[in-house]
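Please read the following account with the sequence and the structure side by side. It goes from local details to the meeting of the domains and then to pairs of charged residues.

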Amino acid sequence: MARIIYVNGRYVPWGEAWVHAEDRGFQFADAIYEVCEVRHGRMIDETRHLGRLKRSLAELEIAAPMSGAALGRVLRETIRRNRVVDGSVYLQISRGVRPRDFLFSDAVAMQPTIVCLARSMSRQKNNAGAAVGIAVRSMPDIRWGRCDIKSVMLLPASLAKEAAKEIGAKEAWLVDEHGFVTEGASSNAWIIDKSGALITRQIDSSLLCGITRTTLIDLIRREGLELIERPFTIAEAKAAREAFTTSATAIVMPVVRIDDTSIGNGAPGILTTRLREEFHTMAEAAHR
Ligand code: PMP
């Protein structure tokens, strides 16, 4: 089936989904995005994803192109037209088009560029991957100082993931100048210590406040588990009982190796697996 992409008010075939050459998203990475899981045809945690999108826009002073409800309709229609039952939906908003110029505040009101795409992913394949777990590679975090904004400035993340792939790892864990893990290249990083406490870095401008992370914290609290929000090092992670990542597409993904060190007995952890299985009992499933 041909994929349909939403571009500035129109649903067009993949081959016609063009954005202008002087779009600021293209020239300056002046754009933000969201990725939301689609499960049984429903968006997971839509409210939180749209809330974070609104915040990203506000932090960059990009005018919201339409209401949250209208964006929700675009997301749903893109899912529907692509017949996605299990997969993800991606929404990107750039500041818009203008002749190339570093400055933008003096421009005549720009019309933000909106793109929305949806793709299917096999839930079985995702679960099969989680049954084995993934390896991660530690890499220096060379990104900017506002990683709390979900901007499309993803080149450092892309390079880190390529480097991870070289050693057979699926994700990179990024390490700050003090030796602490900030987050994964496209996920949040977690460990479980010997006492069973869940540890993940507290939210500040060095990492993204993951929606999966937020919902998982709700679940951790509901289950009465211990949560500690603080930075941890790669050495601490290598000695942890369990480790995992969270993201909208991988949900809770066990980490079984960091660089050349196996975590625990080298298999997905018991608590990690339980949290993965229970995650959707906590998450919001939006109406179709
Ligand atoms: N950190 C980064 C850098 C990411 O790109 C992502 C995934 N978009 C996450 C964390 C996880 O966020 P979420 O749970 O909202 O997908």
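Just after helix α4, Gly133 takes a positive phi of about 90°. This value, like the others here, comes from a predicted model. At the other end of the helix, the start of α4 (residues 123-132), a side-chain oxygen of Ser122 comes to within 3.3 Å of the backbone nitrogen of Gln124.

The protein as a whole is divided into domain 1, residues 4-121, and domain 2, residues 126-281. Their C-alpha centres lie 26 Å apart. Contact between the two involves 22 residues of domain 1 and 20 residues of domain 2. The size of an interface is often given as the accessible area lost when the parts come together. Domain 1 and domain 2 bury about 1,800 Å² between them, and 60% of this is on carbon and sulfur atoms. On the side of domain 1, Tyr33, Arg48 and Arg52 supply 36% of the area buried against domain 2, more than any other three residues.

Polar links also cross this interface. Between domain 1 and domain 2 there are 10 residue pairs in polar contact, counting pairs with both residues at pLDDT 80 or more. Three elements, β3 (31-39), α2 (46-59) and β5 (87-94), each supply at least two residues of the side of domain 1 that touches domain 2. Strand β3 gives the largest share of that side, with eight residues. By type, the residues of domain 1 that touch domain 2 divide into 10 nonpolar, four polar and eight charged.

Which charged residues pair up? Three salt bridges are found across the interface of domain 1 and domain 2. Glu59 and Arg146 form a salt bridge through their side chains, with 2.8 Å from N to O. Salt bridges that share partners join Arg55, Glu59, Arg146 and Asp148 into one network.

The structure holds 23 salt bridges. One of these joins Asp30 and Arg95, whose closest N and O atoms are 2.6 Å apart. Here too the partners come from distant parts of the chain: Asp30 is in the loop between α1 (24-28) and β3, Arg95 is in the loop between β5 and β6 (113-120), and they are 65 residues apart. Are these two residues buried or exposed? Asp30 has a relative accessibility of 6% and therefore counts as buried. Arg95, at 7%, counts as buried as well.

Another salt bridge brings together the side chains of Glu171 and Lys161, at 3.1 Å from N to O. Glu171 belongs to strand β8 (residues 171-175) and Lys161 to helix α5, and the two are 10 residues apart. Glu171 is buried, with 4% relative accessibility, whereas Lys161 is partly exposed, with a relative accessible area of 28%.

Two further residues show how side chains reach backbone atoms. Ser247 lies in strand β13 (residues 242-247). Its relative accessibility is 11%, so Ser247 counts as buried. The side chain of Ser247 reaches the backbone nitrogen of Ala250 at 3.1 Å. Beyond its neighbours within four places in sequence, Ser247 is in contact with Ser186, Ser187 and Thr212.

Arg241 lies in the loop between α7 (234-238) and β13. With 42% relative accessibility, Arg241 counts as partly exposed. What does the side chain of Arg241 approach? A polar atom of that side chain lies 2.2 Å from the backbone oxygen of Lys194. Lys194 is also among the residues that Arg241 touches when those up to four places away in sequence are not counted; the others are Ile192, Asp193, Ser195, Gly196, Ile263 and Gly264. The C-alpha atoms of Arg241 and Leu198 are separated by 10 Å, and these residues are 43 residues apart along the chain.

Technical notes: Residues numbered from 1 in each chain as written. Predicted model: local features only at pLDDT ≥ 70, side-chain atom pairs only at ≥ 80, totals over all residues. Heavy atoms only, no water. Domains from an automatic or database assignment. Contact = heavy atoms within 4.5 Å. Buried area = accessible area lost by both parts, 1.4 Å probe. Salt bridge = Lys/Arg side-chain N within 4 Å of Asp/Glu carboxyl O. Polar contact = N/O pair within 3.5 Å; in protein donor to acceptor, adjacent residues only side chain to side chain. Helix = DSSP H or I, 4+ residues; strand = E, 2+ residues; numbered from the N terminus. Nonpolar A, V, L, I, M, F, W, Y, C, P; charged D, E, K, R; others polar. Buried < 20%, exposed > 50% of the residue type's maximum accessible area, 1.4 Å probe, protein only.
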